[in-house]
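Trainee: I am new to this structure and would like to know where its labels come from. Please go through them with me one at a time.

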Amino acid sequence: MKYLLSLLILVFVSVGQTSTKCEAPAVSKAFADARAEVEKRMAVFSGKKSIAEKADALLSKLIAAKSPVIRSWMTTRGLDDKPEDEIVKEWRLYFAKNFALSNYPNDDKAINSEVESLVDGITLLYATPEFRKRTEGLFTRSKEAAVATIKSFKLPAEKSILERIGGIKLYWPQDLKTARAGTVPLEIIDWGIAYDPVANQINMGLNSLSYANDESYLAVFAHEIGHSFDSCRWGAFFTDAWPFEKIGQCLRSSASVGAKKRDDSRMGAMTKSGQISKELSVSMWKNPTCNKSQYPPIGVQADQLPESFADWFAAEVVDRLEGIDRSKVRTDLCETKTLIAGSSYPTNEMRLKRIYNASMASKCKI
Ligand SMILES: [Zn+2]
């Protein structure tokens, strides 16, 4: 009887545990307001004379040529039966984002200056002195813990990794015209917190406002710091062998996140047809865990090790932090998201369960 009772208690406790819901926190008001404001400004921007004229001219040309591209563009957006002015409005918005912003800077000075005033206005919306102060403080804390974490591993490459980490700074775009070379408008408007290996900086875009608590910022910064020496970047910035091979193998295993390998089956054909250059394919073969914008194409499996490793390192760093609420770490990952086919990320659920909240048994140990 005693045995049965304890068994019942055990069952009850474990049911209680599994039914604990992982809930993504509500979007912060500051972020929701900023996004709504950006949408408003994008609509105004797409109606500006210099942009609308070009958008309309391209639309007329495509319609006159009976372009299948424009037909499918309309169908996928449910615009087939919509009035003409609605279609034009949607098209202008699409053009503004995918041509005017994506091709900045181009040879049209009027468009360039519209893009600059739009983007600089958006930067002022989110990169406020208060937000900068708060996130700079959290970044410093995360970086200090990252340094202590690396020291605890006692790796032969410790000095060079610490040098790389020591140089990392947050990058706040202030003036698009004079921004760091390679900074593109969509990085600021569409992206959140992202590591740039060439500059060794962490870009702070509009979506950096989205995290609900300090714990998540600390973990996200540690994840980005992890990218400075992940399996892909290692080859470009360090000389000896990647010292986390064992962790890599563990992250690939089904006991952990089962990080998938890059599917290289299309590389030969794409190099032959000139879709990717010979140089790129050579560098891809040399760096089997790197993903580039040209390869793998959408739908073909990207390598999941760099993202899994950055998560693993972030979890190690967060473990060293005192006075934080562990249950709040990366609550943004509670959102069930459908990933694009071949994504470089394991699912949110796996990242949380098997890395951030991993039990001692499923944790990858150095
Ligand atoms: Zn990442």
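**Labels and their cut-offs**

Mentor: Start with Cys-364, which has a relative accessible area of 3% and is buried.

Trainee: Why is Cys-364 called buried?

Mentor: Buried means under 20% relative accessible area, exposed means over 50%, and partly exposed is in between, all with a 1.4 Å probe and protein chains only. Cys-364 has 3%, so Cys-364 is buried. A word on the source: this is a predicted model, in which local features need pLDDT of at least 70, side-chain atom pairs count only at pLDDT 80 or more, and totals for chains, interfaces and linings use all residues. Residues are numbered from 1 along each chain as its sequence is written, and side-chain values use heavy atoms, with hydrogens and water left out.

Trainee: How do you know that Cys-250 and Cys-364 are joined by a disulfide?

Mentor: A disulfide is a pair of cysteine sulfur atoms within 2.5 Å. From S to S, Cys-250 and Cys-364 are 2.0 Å apart, and a disulfide joins them. With -85° about the S-S bond, this link of Cys-250 and Cys-364 is left-handed. Cys-250 lies in helix H12 (residues 245–252) and Cys-364 in the segment after H16, so the pair ties together parts that are 114 residues apart in sequence. Helices here are DSSP runs of H or I with at least four residues, strands are runs of E with at least two, and the numbering goes from the N terminus.

Trainee: Is Cys-250 buried or partly exposed?

Mentor: Cys-250 has a relative accessible area of 21%, so Cys-250 is partly exposed.

Trainee: How many disulfides does a search of the whole structure find?

Mentor: The search finds three. One of them joins Cys-232 to Cys-290, with 2.1 Å from S to S.

Trainee: What makes the disulfide of Cys-232 and Cys-290 left-handed or right-handed?

Mentor: The torsion about the S-S bond is about 100° for Cys-232 and Cys-290, so that disulfide is right-handed. Cys-232 lies in helix H11 (residues 231–237) and Cys-290 in the loop between helix H14 (278–286) and H15, so the pair ties together parts 58 residues apart in sequence. Cys-232 is buried because its relative accessible area is 13%. Cys-290 also counts as buried, at 5% relative accessibility.

Trainee: Which disulfide does Cys-22 form?

Mentor: Cys-22 forms a disulfide with Cys-334, and their sulfur atoms are 1.9 Å apart. This pair links distant parts of the chain, 312 residues apart: Cys-22 is in the loop between helix H1 (2–18) and helix H2 (29–46), and Cys-334 is in the loop between helix H15 (305–320) and helix H16 (348–356). The torsion about the S-S bond of Cys-22 and Cys-334 is about -85°, so the disulfide is left-handed. Cys-22 is partly exposed at 42%, while Cys-334 is buried at 16%.

Trainee: What pattern do the disulfides of the chain follow?

Mentor: With bonded cysteines counted along the chain, the pattern is 1-5, 2-4, 3-6.

Trainee: Which residues coordinate the zinc ion?

Mentor: His-223 (NE2), His-227 (NE2) and Glu-307 (OE) do, at 2.0 to 2.1 Å. Donors are N, O and S atoms within 2.8 Å of the metal, or 3.2 Å for Na, K and Ca; water is not among the atoms, so sites may look incomplete. The donor residues are spaced H-x3-H-x79-E in sequence. His-227 lies in the loop between helix H10 (214–226) and H11, and Glu-307 in helix H15, so this pair ties together parts that are 80 residues apart in sequence. His-227 counts as buried at 6% relative accessibility, and Glu-307 counts as buried at 12%.

Trainee: In what order do the three strands form their open sheet?

Mentor: The order is S1-S3-S2, and the pairing is mixed. Two strands pair if DSSP finds at least two bridges between them. Strand S1 (169–171) and strand S2 (193–196) are the edge strands, each pairing on one side only.
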